[in-house]
Amino acid sequence: VAPILSLMLADGKTLVTEVVPKPLLDFSCGVLREKFTGIFQKVVYQFPFDRVTVVTAGLYQKLKRAQDTRGVVITTPTSVKSFVLKLVEILHTLDSSKNLQQERDREAETKGFIARAARAIGQQTDERVLSADDIRSMREQGQLISGILRLFRDGILLLDEVDVILH
């Protein structure tokens, strides 16, 4: 059913993404590639993603190319969740870094004994103030993720083996 739906729905304006359970990823990808090498030719793209993956313009371009060429993207539920969590992580890190820098600036202005003692016994944190390059990189990734989410939002998501995915 997925190859027929992909054939019908991928129109050059809509990104078609098929989500399959991880154990079926290679099999499903093979089936799609087999079906789309004859009369009806479509490129099948994979979307592997985890939270340590750096989002690049190349990833956005790959998905945009899949949409424009009537290709099909195939991925796993874990990759989709990791992608969304990557945006949440970037936004949280940028916000925490900004708040931490503001707190340090306020502390630097207060030089009294009580303030120094409060800092000495205060909560230890593993958060860090980001460098300008880190901030720029995270903002660029956030913008790219936003563009990719627009492609997904305006596209079509096919859930294959939905009973396995939802359980």
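This briefing describes the fold, the sheet, the helices and several individual residues of one protein chain. The structure is a predicted model. The chain holds seven helices and four strands, and 33% of its 167 residues count as buried.

**Overall architecture**

- Among contacts in the chain with a separation of 6 or more, 84% are between residues 24 or more positions apart.
- The chain exposes about 10800 Å², and carbon and sulfur atoms supply 57% of that area.

**The sheet**

- Strands of a sheet pair through backbone hydrogen bonds, and the pairing may be parallel or antiparallel.
- In this chain, four strands form an open sheet with parallel pairing, and their order is 2-3-1-4.
- The edges are formed by strand 2 (44–46) and strand 4 (156–159), each of which pairs on one side only.
- On average, neighbouring strands of this sheet are turned by 25 degrees against each other, direction ignored.
- Strand 2 pairs with strand 3 (residues 72–75) in the parallel sense, over three bridges.
- Valine 44 stands opposite valine 72, a residue of strand 3.

**Helices and the sheet**

- Helix 1 (residues 2–9) packs on the sheet, where it touches strand 1 (16–19), strand 3 and strand 4.
- The direction of helix 1 makes about 175 degrees with that of strand 4.
- Helix 3 (residues 57–68) lies across strand 2 and strand 3, and it runs at about 155 degrees to strand 2.

**Serine 28**

- Serine 28 belongs to helix 2, which covers residues 25–35.
- With a relative accessible area of 8%, serine 28 is buried, because buried means under 20%.
- Leaving aside neighbours within four places in sequence, serine 28 is in contact with Val20, Ile74 and Asp160.

**Alanine 10**

- Alanine 10 is placed in the loop between helix 1 and strand 1.
- The relative accessibility of alanine 10 is 4%, so this residue counts as buried.
- Apart from neighbours within four places in sequence, the contacts of alanine 10 are Val16, Lys42, Arg70 and Gly71.
- Alanine 10 and glutamine 67 are 57 residues apart along the chain, and their C-alpha atoms are separated by 7.2 Å.

**Arginine 70**

- Arginine 70, which is in contact with alanine 10, lies in the loop between helix 3 and strand 3.
- The phi angle of arginine 70 is near 65 degrees, a positive value in a residue other than glycine.

**A nonpolar surface patch**

- Ile4, Leu7, Met8, Ile39 and Phe40 form a nonpolar patch on the surface.
- Together, these residues of the patch have about 580 Å² of accessible area.
- Phenylalanine 40, one of the residues in the patch, is found in the loop between helix 2 and strand 2.

Conventions: Residues numbered from 1 in each chain as written. Predicted model: local features only at pLDDT ≥ 70, side-chain atom pairs only at ≥ 80, totals over all residues. Heavy atoms only, no water. Helix = DSSP H or I, 4+ residues; strand = E, 2+ residues; numbered from the N terminus. Buried < 20%, exposed > 50% of the residue type's maximum accessible area, 1.4 Å probe, protein only. Contact = heavy atoms within 4.5 Å. Areas by Shrake-Rupley, 256 points an atom, 1.4 Å probe, with all protein chains shown as cover. Pairing = 2+ DSSP bridges. Axes fitted to C-alpha atoms, helices over the stretch in contact; angles between N-to-C directions. Patch = residues over 30% accessible without salt bridge, like charges linked within 9 Å, V, L, I, M, F, W, Y side chains within 5 Å. Salt bridge = Lys/Arg side-chain N within 4 Å of Asp/Glu carboxyl O.
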